Amino acid sequence: MEVKAKAPGKIILSGEHAVVHGSTAVAASIDLYTYVSLRFPTPSDDDDTLTLQLKDMALEFSWPISRIKEALPASSPLSSIPTSCSMEYARSIAALVEEQNIPEAKIGLAAGISAFLWLYTSIQGFKPATVVITSELPLGSGLGSSAAFCVALSAALLAFSDSVSLDINHQGWLVFGEKEHELVNRWAFEGEKIIHGKPSGIDNTVSTYGNMIKFRSGSLTRIKTNMPLKMLITNTKVRRNTKALVAGVSERTLRHPDAMSFVFSAVDSIGKELSTIIQSPSPDDLSITEKEEKIEELMEMNQGLLQSMGVSHSSIETVLQTTLKYKLASKLTGAGGGGCVLTLLPTLLSGTVVDKVISELESCGFQCLIAGIGGSGTQIFFGGSS
Ligand SMILES: Nc1ncnc2c1ncn2[C@@H]1O[C@H](COP(=O)(O)OP(=O)(O)O)[C@@H](O)[C@H]1O
Ligand SMILES: C[C@@](O)(CCOP(=O)(O)O)CC(=O)O
Ligand SMILES: [Mg+2]
């Protein structure tokens, strides 16, 4: 029995960090995916282990099922309702992760492996299986690799659970229905909590549903748009950790509650205005160029507010200054502190300018890509190959 699942990464057009504190944010899926394949052994395989292979990194982690049963609280009933990982369970999982001797340079993976063990044992219990992960997303760069990982994992695990009933004979990639989407999203959020500490839920939500969304306090509004949005994504290649950056903003908020509440409120207004512009039918009173100019201004304002939250970085500032030379507006995307920067590429911008700005950014050691925006959310595929 085998199932594959895929889930996309994302860009946040406005509102990262502030969304954790209740502000409106706007995000879109991108056409870079994390893939999870889940296979249960047949009795003749005589395999009684749970194995996690991280293919891109050539890493494999494996636990005898007897060891997992010994380490984790025996009375963890399989739950059809997504539940949070208790402190006690988290400690037991941490012991299982520590035994794997993760290379020091890859210690950031411990959080992802813990989320894996939580989601696996909560949805599938103590069954042997092999789970293989591959990803087109850079990890820890603001493109939502943690959410894509949790969403694809939850989708694969739920595909073979009693909580959903699916046509396992379906040919090709299958899109979940509303009920399954909700379940995947809620489980993925529990995984994100293990990785991020205090996630807003925007990343797992846009990875589950795809397209473009407006998100505020846990609820999503789908954004319908005919506007062709083209963004250059520049990866500064400065790795950072979302959990630490989110905690840093919370600490600043505790120190300066009044000032920060104005910052969050300004970000909220930016998100609302941005979604109105993106959704306004074309052609209307605003031409595409006028809309793009407004979006550029909102992006610049959002970047200024992110800077005042303390999540910019010298590498991000270099990208901003470089793109500004070409009169292009940019903002960081995701948690900041390094990671990726978005630059709006207006419809009428010539290819020559795009080539020039990319080559200047690349000469600084950054990596540029133009991803498709607003594609499909999570999907599953029954059977061996896709
Ligand atoms: N393909 C993957 N395999 C294992 N762990 C992953 C994978 N993708 C993401 N993760 C986990 O998520 C962490 C990165 O998440 P985060 O700091 O939120 O950055 P981002 O979500 O922007 O990539 C990694 O350090 C790892 O723990
Ligand atoms: C900073 C934040 O708004 C987005 C984090 O995105 P990423 O993990 O850096 O891709 C956190 C959140 O909303 O959960
Ligand atoms: Mg993340």
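Reader: How do the residues of the shell around ligand 1 divide into nonpolar, polar and charged?

Author: Ala, Val, Leu, Ile, Met, Phe, Trp, Tyr, Cys and Pro count as nonpolar, Asp, Glu, Lys and Arg as charged, and the others, Gly among them, as polar. Around ligand 1 the shell has 8 nonpolar, 10 polar and 1 charged. This is a predicted model, in which local features need pLDDT of at least 70, side-chain atom pairs count only at pLDDT 80 or more, and totals for chains, interfaces and linings use all residues. Residues are numbered from 1 along each chain as its sequence is written, chains are lettered from A and ligands numbered from 1 in the order in which they are written, and side-chain values use heavy atoms, with hydrogens and water left out.

Reader: Which residues come nearest to ligand 1?

Author: A residue is near a molecule if one of its heavy atoms lies within 4 Å of it. Of the 19 residues around ligand 1, the nearest are Gly108, Gly140, Gly142, Ser145 and His196.

Reader: Which side-chain atom lies 2.7 Å from an oxygen atom of ligand 1?

Author: A polar contact is a pair of N or O atoms within 3.5 Å. Here a polar side-chain atom of His196 is 2.7 Å from an oxygen atom of ligand 1. The side chain of Ser146 has an N or O atom 3.0 Å from a ligand 1 oxygen. On its own, ligand 1 has 560 Å² of accessible area, and the protein covers 93% of that; such areas come from the Shrake-Rupley method with a 1.4 Å probe.

Reader: Which protein donors does the magnesium ion have?

Author: Donors are N, O and S atoms within 2.8 Å of the metal (3.2 Å for Na, K and Ca); water is not among the atoms, so sites may look incomplete. For the magnesium ion (ligand 3) they are Ser146 (OG) and His196 (NE2), 2.1 to 2.3 Å away. Ser146 belongs to helix H4 (residues 145–159) and His196 to helix H5 (residues 178–196), 50 residues apart. Helices are DSSP runs (H or I, at least four residues), numbered from the N terminus.

Reader: Is Ser146 buried or exposed?

Author: Buried means under 20% relative accessible area, exposed over 50%, partly exposed in between (1.4 Å probe, protein chains only). Ser146 counts as buried because its relative accessibility is 13%. His196 is buried too, at 8%.

Reader: Where does an oxygen atom of ligand 2 meet Ser200?

Author: An N or O atom in the Ser200 side chain is 2.6 Å from an oxygen atom of ligand 2. Arg240 also has a polar side-chain atom 2.6 Å from a ligand 2 oxygen.

Terms used
Polar contact = N/O pair within 3.5 Å; in protein donor to acceptor, adjacent residues only side chain to side chain. Helix = DSSP H or I, 4+ residues; strand = E, 2+ residues; numbered from the N terminus.
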